[in-house]
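I opened a new page for this chain. My notes follow in the order in which I looked things up.

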Amino acid sequence: MEEPLVPLVPMSHTAHIRSHRKPRRNASSLAVRAGVAGGVLSTLAVAGASGSAYADEPVTQTLELPTLTADLATQIAQSADATQQAAANYELQAERDAAAAKAAKQAKADLADAKKKAEAKKKAEAARKAAAAQAASRSSERTTLSASASPSTTVSAPASGSVATVIAFLKAQVGDAYVMGGTGPNAWDCSGLVQAAFKQVGVDLPRVSQDQSTAGTPVSLSNVQVGDILYWGSAGSAYHVGVYIGNGQYLDAANPSKGVVIQDLSGYPATGAVRVL
């Protein structure tokens with residue numbers, strides 16, 4: 001039998017090279033490619049539609065602010081009123097505190113002044129009582145004055161009530177302080193005390209010791225009597241004064257360390273004396 005003839009199909013002259021062969025596409029590969037292409041196109045369509053929609057409507061962001069309700073406004077008003085009332089209360093309290101402090105200060109000053117007046121009144125009363133007692137007794141006081149410059153002499157103290165008042169006032173001040181320029185009622189200098197003592201009986205003496213040393217009738221130390229003014233230094237330029245109280249003693253506002261004291265004349269003899277009563 002003759003073998004059937006196989007038809008010859010002309011081939012490209014490069015067909016025998018593998019890299020030049022055109023690959024075959026099967027159905028599954030075509031399906032996959034079609035699906036991918038379709039998905040891409042769908043995505044682009046959706047994106048385009050979305051972009052178009054958003055382009056028509058601009059994007060805005062709205063912030064919602066809290067609404068001021070009537071209750072909140074009332075609370076704010078009440079809080080403001082309370083703050084104002086508190087401030088007014090603080091101011092009122094401050095005024096009351098200041099007034100109380102001022103009143104306390106004034107009360108303290110009034111109390112101190114009242115104490116001074118009461119003490120002065122007490123001393124004056126004691127002086128009047130002592131003067132009345134001495135005036136009632138009318139006894140003569142005998143004193144002996146001992147001084148290095150003169151012989152011992154016995155002198156009689158006057159029984160005058162005026163002198164007794166002066167001496168009583170002076171003794172009531174014993175223990176008070178010495179202060180330069182002091183005129184009482186609790187602090188004295190020498191001439192301030194002498195002036196105040198004689199003022200009790202209506203005798204107005206000069207203020208300073210220099211003038212007091214020439215204010216009355218000069219008397220010798222050998223004839224000095226109770227109530228005579230003693231001075232140290234020259235007459236008219238004396239630097240210290242005191243009052244003779246008998247028994248060789250005198251009373252004076254001595255100095256800041258001693259104050260008002262009673263001292264022995266023999267320990268500090270006077271230069272001279274004057275009599276004003």
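**Ground rules.** I am working with a predicted model, where local features need pLDDT of at least 70, side-chain atom pairs count only at pLDDT 80 or more, and totals for chains, interfaces and linings use all residues. Residues are numbered from 1 along each chain as its sequence is written, and side-chain values use heavy atoms, with hydrogens and water left out.

**Whole chain.** I counted elements before anything else. The chain has five helices and 10 strands. These are DSSP runs numbered from the N terminus: H or I of at least four residues for helices, E of at least two for strands. Next I looked up burial. Of the 277 residues, 26% count as buried. Buried means under 20% relative accessible area, exposed over 50%, and partly exposed in between, with a 1.4 Å probe and protein chains only. Then I turned to contacts, meaning heavy atoms within 4.5 Å. Among contacts between residues at least 6 apart in sequence, 55% join residues at least 24 apart.

**Helix α3 against helix α4.** I looked up how this pair crosses. Helix α3 spans residues 161–172 and helix α4 spans residues 190–199. Their axes come within 8 Å and cross at roughly 135 degrees. That makes α3 oblique to α4. The axes are lines fitted to C-alpha atoms, for helices over the stretch in contact, and angles run from 0 to 180 degrees between N-to-C directions. Under 35 degrees counts as roughly parallel, over 145 as roughly antiparallel, 65 to 115 as roughly perpendicular, and the rest as oblique. The α3 and α4 crossing is right-handed.

Which residues of α3 and α4 meet? From α3 I noted V166, F169 and L170; from α4, L193, A196, A197 and F198. The residues of this contact divide into seven nonpolar, no polar and no charged. Here Ala, Val, Leu, Ile, Met, Phe, Trp, Tyr, Cys and Pro count as nonpolar, Asp, Glu, Lys and Arg as charged, and the others, Gly among them, as polar.

**Inside α4.** I checked how enclosed this helix is. Eight of its 10 residues are buried, so α4 is largely enclosed by the rest of the structure. The buried ones are C190, S191, G192, L193, V194, A196, A197 and F198.

I picked S191 from that list. S191 counts as buried because its relative accessibility is 5%. Its side chain makes a polar contact of 2.7 Å with the side chain of R207. A polar contact is a pair of N or O atoms within 3.5 Å; within protein, one must be able to donate a hydrogen and the other to accept it, and residues adjacent in sequence count only if both atoms are side-chain atoms. Beyond its neighbours within four places in sequence, S191 is in contact with R207, V208, S209, Q212 and V241.

V194 came next. V194 is buried, at 2% relative accessible area. Outside four places in sequence, V194 is in contact with L205, Q212, I229, V241, G242 and V243.

**The loop between β3 and β4.** G182 is found here. Is G182 buried or exposed? At 9% relative accessibility, G182 counts as buried. G182 and G192 are 10 residues apart in sequence, with 6.2 Å between their C-alpha atoms. Leaving out neighbours within four places in sequence, contacts of G182 include W188, G192 and R207. P185 sits in this loop between β3 (177–178) and β4 (187–188) too. The peptide bond from G184 to P185 is cis, with omega near 5 degrees.

**The loop between α3 and β3.** I found Q173 there. Q173 is buried, with a relative accessible area of 1%.

**An exposed residue.** N247 lies in the loop between β7 (240–246) and β8 (249–253). N247 has a positive phi of about 55 degrees although it is not a glycine. N247 counts as exposed, at 52% relative accessibility.

**Strand β10.** I ended with V274, in the strand of residues 272–275. V274 counts as buried at 1% relative accessibility. Setting aside neighbours within four places in sequence, V274 is in contact with residues including Q212, G216, V219, I229 and Y231.

Terms used. A crossing is left-handed if the near helix is turned anticlockwise from the far one by less than a right angle, and right-handed if clockwise.
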